Amino acid sequence: MTALAERTVGIFGAGKSGVAIARRALDAGYGVAVATSGPAWRTDLVTRVLTPGVRAVDAAELASVAPIVVLAVPLRRLRELPLSTLAGRIVVDIMNYWEPTDGVLPDFASRAHASSLIVRAALPASARLVKTFNHIGYHEMEQLARPSGTVGRVALGVAGDDLDAVATIARFVDDLGFDPVSTGTLADSHCLQPGSPLFGADMEPAAFREALSQLASREVPA
Amino acid sequence: MEIGAFTFADIAVRGGVRPPQRIPELIEEIVLADEVGLDVFGIGEHHHPGFSAPAPPVILAAAAARTHRIRLTSAVTVLSSDDPVRVFEQFTALDLVSQGRAEAMVGRGALLDSFRLFGHDLQDYDALFDEKLDLLIRLRGDEPVTWQGRFRPPLDEEVILPRPVQTPLPVWVAVGGSPNSVIRAAAHGLPMVLGTVGGVAAQFAPLADLYRQALDHYDKPAQPVSMTLHGFVADTSQKAADVYFPADAELFNTAGASRGIAGMTAEHMAAKNGPGSTYAVGSPQAVIDKLLHHHEVIGHQRTMLQLAVGPLPHADIMRAIELLGTEVAPVVRAEIARREGGGDSATGVGAR
Ligand SMILES: NC(=O)c1ccc[n+]([C@@H]2O[C@H](COP(=O)([O-])OP(=O)(O)OC[C@H]3O[C@@H](n4cnc5c(N)ncnc54)[C@H](OP(=O)(O)O)[C@@H]3O)[C@@H](O)[C@H]2O)c1
C-alpha cells in the first residue's frame with residue numbers, strides 16, 4: 001500500500017458512531033472510507049453532507065482500501081458484513097451488546113466471554129482485533145476530543161491480543177483526541193463493556209487506571 | 001415556531017403515583033396546555049413498567065374531548081411492531097373526535113419491549129419499519145390500496161373507512177440521530193422529528209441539513225422539522241433543576257435508556273444542561289434563550305419539550321406547562337417571527 005493508503009481507515013456503518021469516528025479521523029488527517037449495507041451511491045448521500053471528504057464505497061470493497069477497519073454496525077448485524085475480506089487487517093471493534101436495544105443474541109447473552117472474543121471468532125484468523133471507543137457515547141467522541149498533551153484529556157481503554165495492532169490503534173486513539181490506556185487482552189475486555197464502572201464514565205487517565213486496578217483486584221476467577 | 005410538550009406518562013417503578021391517578025392528572029395537563037396556548041401535546045408509546053401509556057391514541061382521545069385548539073400526537077407510535085391498518089384506524093378515530101387535530105409520529109422505537117411483546121424479530125428491525133411505513137403512507141391516500149408485504153396479509157382494493165377529517169392524516173417520521181432514518185423520512189417526503197436526549201444542538205444541525213438536501217435529492221417539497229428534547233420550566237432555574245434532574249436520572253437508570261452506564265446521578269443529568277446543549281431546563285428566561293439558540297443552529301419549525309422525564313409531581317408539571325405557554329412560547333414565537341422577517345412563524349408546519 002502507498003503511504004496515503006496506510007493512513008486510511010475504513011468504517012463499516014455510517015450511523016451515529018460511524019459518522020463521529022469518520023469526522024474525528026478526517027480531522028486527524030486520515031483518509032476515510034465508509035460502507036453501509038446499501039450501495040455506495042446511497043451511502044454517499046449521507047457522507048456528502050455529514051462527512052465531506054469521506055469516500056463512500058461498497059461494503060465488499062472497503063477492506064481493500066484500508067489497513068484499519070472499524071466495525072460500527074449494530075452487533076446483531078455483524079454476520080452480514082463481508083467478514084472474509086478482513087483477512088490481514090487490523091479490525092477495531094467499537095460494538096456493544098446491550099439487550100434493551102440489541103434484543104437477545106444467544107452467543108452474546110451468556111456473557112461467559114467478552115463480546116469481542118465472539119466477534120474475533122467470527123473473523124478470519126489473520127485479522128487482528130482491537131476493542132476501543134465502545135465505552136464512550138457518540139456525542140462525546142466529538143465533544144470530548146482534545147489534542148495530545150491537553151490537561152484533563154479523557155482516557156479510552158484499548159484491548160487486544162496482538163501488541164503491534166494494539167500499538168497502532170493506541171496511536172489512532174491518540175490522533176483522534178483521547179488518551180489510550182491499555183486494558184489487556186480481549187478475554188479481559190469485560191471491563192470496557194456495558195455495566196462496568198468504566199463504561200460511559202469519561203475519566204482522565206489516572207482515574208481510569210485507578211478504576212481499572214480496582215476492578216482487577218475485585219475480580220474473582222471464574 | 002410551534003411549541004409543545006410530550007410525555008411517556010411516567011410513573012415511579014417502586015412506590016409513588018399509580019396509573020389510576022396519573023392518567024387523569026395527565027388529561028388535566030393536556031387541558032391546561034390547550035388553555036395556555038401550546039400548539040401540540042404528545043404521548044409516547046412504551047411497553048415498560050416505568051411508563052403508563054402503551055396506547056396513546058386512547059388517552060389522547062379523552063383529552064381531545066376536553067380541548068379545542070391544541071394538536072394531539074403520539075410521540076412516538078412504534079410502527080415497527082404495530083399493524084399500519086390499525087394505526088390508521090386509531091388515528092382516524094382520534095382525528096374524528098378532535099375534529100382534525102390528530103397527528104401520528106412514527107418511529108422504530110428506542111427500547112425494544114414491543115418487539116418481545118408482539119413477537120417480532122429484531123433481525124427485521126429496519127425491514128419492519130420500511131414495509132409498515134410504506135403501507136401507512138398508502139392508506140392515507142384516497143386511492144383503494146392493493147398491497148403485499150412480508151409482515152401482514154395482503155390487501156386487495158381496500159379503502160379503510162371512515163376517512164379522517166384531515167386529508168391526508170399528518171404522519172411525521174421520528175429519527176434518533178441515525179442518518180439512515182433521516183434519508184428514509186426524506187425519501188417518503190414526510191416531515192421529520194429530530195429526537196434528542198442529550199448532546200449539543202450544533203451536533204444535530206448537520207442532520208437537519210442532511211434532511212433538507214435529501215428532500216431535494218428525492219424531488220420532494222420542503223417539509224417542517226420538529227425537535228424533541230428534555231426540558232422543564234419552573235419559576236427559577238434552581239427550582240427547575242431540583243425537580244427535573246433527580247427524576248431524569250432515576251428514569252435513565254431504570255428504563256434501560258442508559259445502555260449500561262452505571263449509576264447516573266442528578267449531577268450527571270444537570271451536566272447535560274450546559275450552554276449550547278439540547279437540554280432546556282430552567283427559568284422561563286433560561287428556556288427562552290435555549291430554544292432560540294436551538295432554532296438558530298437547527299432552523300426547525302416545531303419544538304417539543306419532554307416535560308416529565310421520570311415521575312414528577314403533577315403540581316410541578318402543571319406549573320411548567322403554564323410557564324411554557326404563557327411566558328416562554330409567546331417570546332420565542334415573536335422573536336423567531338422577527339428573525340424571519342415578520343412572517344407567520346407557523347408557515348413551515350402547514351406544509352405537511
Ligand atoms: N451510538 C453510540 O453512542 C455508540 C457509542 C459507542 C459504540 N456504539 C456501538 O456502535 C455500533 C453502532 O451503533 P450506532 O449507534 O452507530 O448505530 P446506528 O446509528 O444505527 O448505525 C448503524 C450503521 O450500520 C450500518 N449497517 C447496518 N448493517 C450493516 C451491514 N450489514 N453492512 C454495512 N453496514 C451496516 C447502518 O447502515 P445501513 O442500515 O444502511 O446498512 C448504519 O449506517 C453498535 O454496536 C453500538 O453498540 C455506539
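Predicted model: local features only at pLDDT ≥ 70, side-chain atom pairs only at ≥ 80, totals over all residues.
A residue counts as buried when its relative accessible area is under 20%.

**Helix α6 of chain B**

Helix α6(B) spans residues 179-187 and is mostly covered, with seven of its nine residues buried. The buried positions are B:Pro179, B:Ser181, B:Val182, B:Ile183, B:Arg184, B:Ala185 and B:Ala186. Just after the helix, B:Gly189 adopts a positive phi of about 65 degrees.

**The ligand site**

The ligand is surrounded by 27 residues, and the closest are A:Ala14, A:Ser17, A:Ser37, A:Tyr138 and B:Asn180. Because the surrounding residues come from chains A and B, the site is shared between chains. Within chain A, helices α2 and α8 (138-143) each supply at least two residues of the shell. Classified by residue type, the shell holds 13 nonpolar, 10 polar and four charged residues.

| Residue | Protein atom | Distance to a ligand oxygen atom |
|---|---|---|
| A:Lys16 | backbone N or O | 2.8 Å |
| A:Ser17 | side-chain N or O | 2.7 Å |
| A:Tyr138 | polar backbone atom | 2.8 Å |

Taken alone, the ligand exposes 880 Å², of which the protein buries 87%.

**Strand pairing in chain A**

Strand β6(A), residues 128-131, pairs with two other strands of chain A. With β5(A), residues 90-93, strand β6(A) runs parallel and is joined by four bridges. In that pairing, A:Leu129 of β6(A) is the bridge partner of A:Val91. With β7(A), residues 155-160, strand β6(A) runs antiparallel and is joined by two bridges. Here A:Gly160 of β7(A) is the bridge partner of A:Val130. In a regular strand, side chains alternate between the two faces of the sheet.

**A buried aspartate in chain B**

B:Asp113 belongs to helix α4(B), residues 113-118. The relative accessibility of B:Asp113 is 13%, and the limit for a buried residue is under 20%; B:Asp113 therefore counts as buried. Leaving aside neighbours within four places in sequence, B:Asp113 is in contact with B:His47 and B:His48.

Key
Residues numbered from 1 in each chain as written. Chains lettered and ligands numbered in written order. Heavy atoms only, no water. Pairing = 2+ DSSP bridges. Buried < 20%, exposed > 50% of the residue type's maximum accessible area, 1.4 Å probe, protein only. Contact = heavy atoms within 4.5 Å. Near = heavy atom within 4 Å. Polar contact = N/O pair within 3.5 Å; in protein donor to acceptor, adjacent residues only side chain to side chain. Areas by Shrake-Rupley, 256 points an atom, 1.4 Å probe, with all protein chains shown as cover. Nonpolar A, V, L, I, M, F, W, Y, C, P; charged D, E, K, R; others polar.
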